[in-house]
Amino acid sequence: MSKLTTKSLSTTTGVNGLVILESNGQYIYPGLAQAIFDDAIFGPRILKRLQRLFVDHPDGLSESGHDWYFGYLVCAYTQTHFGIKNLLNYPSVTKEIFSLCLTKLPE
């Protein structure tokens, strides 16, 4: 018998236009990873970082390293665009960026 679980989701006031949702005590930022990936300045930096990581790790990248791979770019983006120095639960965004990189590479 499967157990039914529910998640609580509430919208928090956006900071300077940043949409922030709270789900079970964790903050999530819908669309932020895509915005960073599509940004004219930060998007190329992500791809440059990804190319460098492939050179440094020829055996493959680990999803567990996504915060280290892209965390500084997320922090720089949110500080530049929203004035937020320390984004709570930023690994949720870095994980999405990692996933975007994997889906966009074959294109």
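Predicted model: local features only at pLDDT ≥ 70, side-chain atom pairs only at ≥ 80, totals over all residues.
Reader: Where is asparagine 89 found?

Author: Asparagine 89 is in the loop between helix 3 and helix 4. Helices (H or I, at least four residues) and strands (E, at least two) are DSSP runs, numbered from the N terminus. Asparagine 89 has a positive phi of about 60 degrees, although it is not a glycine.

Reader: Back up a bit. How many helices and strands are in the chain?

Author: The chain has 4 helices and 3 strands. Along the sequence the pattern is β-β-β-α-α-α-α. Of its 107 residues, 33% count as buried.

Reader: Now helix 2 and helix 3. What angle do they pack at?

Author: About 165 degrees, and the axes of helix 2 and helix 3 are 10 Å apart. Axes are lines fitted to C-alpha atoms, for helices over the stretch in contact, and angles run from 0 to 180 degrees between N-to-C directions. That angle makes helix 2 roughly antiparallel to helix 3. Angles under 35 degrees count as roughly parallel, over 145 as roughly antiparallel, 65 to 115 as roughly perpendicular and the rest as oblique.

Reader: Is the crossing of helix 2 and helix 3 left-handed or right-handed?

Author: The crossing of helix 2 and helix 3 is right-handed. A crossing is right-handed if the near helix is turned clockwise from the far one by less than a right angle, and left-handed if anticlockwise.

Reader: Which residues in helix 2 meet helix 3?

Author: Phe42, Arg45, Ile46, Arg49, Leu50 and Leu53 in helix 2 meet residues of helix 3 including Trp68, Tyr69, Leu73 and Tyr77. Contact means heavy atoms within 4.5 Å. By class, the contact of helix 2 with helix 3 has 11 nonpolar, 2 polar and 2 charged residues. Ala, Val, Leu, Ile, Met, Phe, Trp, Tyr, Cys and Pro count as nonpolar, Asp, Glu, Lys and Arg as charged, and the others, Gly among them, as polar.

Reader: And where does helix 3 bend?

Author: Helix 3 bends at tyrosine 72, by about 30 degrees. The bend at a residue is the angle between axes fitted to the seven residues ending there and the seven starting there.

Reader: Which residues in helix 3 are buried?

Author: Among them are His66, Tyr69, Phe70, Gly71 and Val74.

Reader: How about helix 4: what angle do helix 3 and helix 4 pack at?

Author: Helix 3 and helix 4 (residues 91-104) pack at about 105 degrees, with their axes 8 Å apart. Helix 3 is therefore roughly perpendicular to helix 4. The contact is made by His66, Asp67, Tyr69, Phe70, Gly71 and Val74 of helix 3, and by residues of helix 4 including Pro91, Lys95 and Phe98. By class, the contact of helix 3 with helix 4 has 8 nonpolar, 3 polar and 2 charged residues.

Reader: Change of topic. Where is asparagine 16?

Author: Asparagine 16 sits in the loop between strand 1 (9-15) and strand 2, and it is exposed, at 59% relative accessible area.

Reader: What is asparagine 16 in contact with, leaving aside its neighbours within four places in sequence?

Author: Phe82 and Gly83, with those neighbours of asparagine 16 left aside. Asparagine 16 and isoleucine 84 are 68 residues apart in sequence and 9.2 Å apart in space, C-alpha to C-alpha.

Reader: Last one: is serine 64 buried or exposed?

Author: Serine 64 is exposed, because its relative accessible area is 64%. Serine 64 lies in the loop between helix 2 (42-56) and helix 3 (66-82). From C-alpha to C-alpha, serine 64 and lysine 95 are 8.6 Å apart in space, and they are 31 residues apart in sequence.

Conventions
Residues numbered from 1 in each chain as written. Heavy atoms only, no water. Buried < 20%, exposed > 50% of the residue type's maximum accessible area, 1.4 Å probe, protein only.
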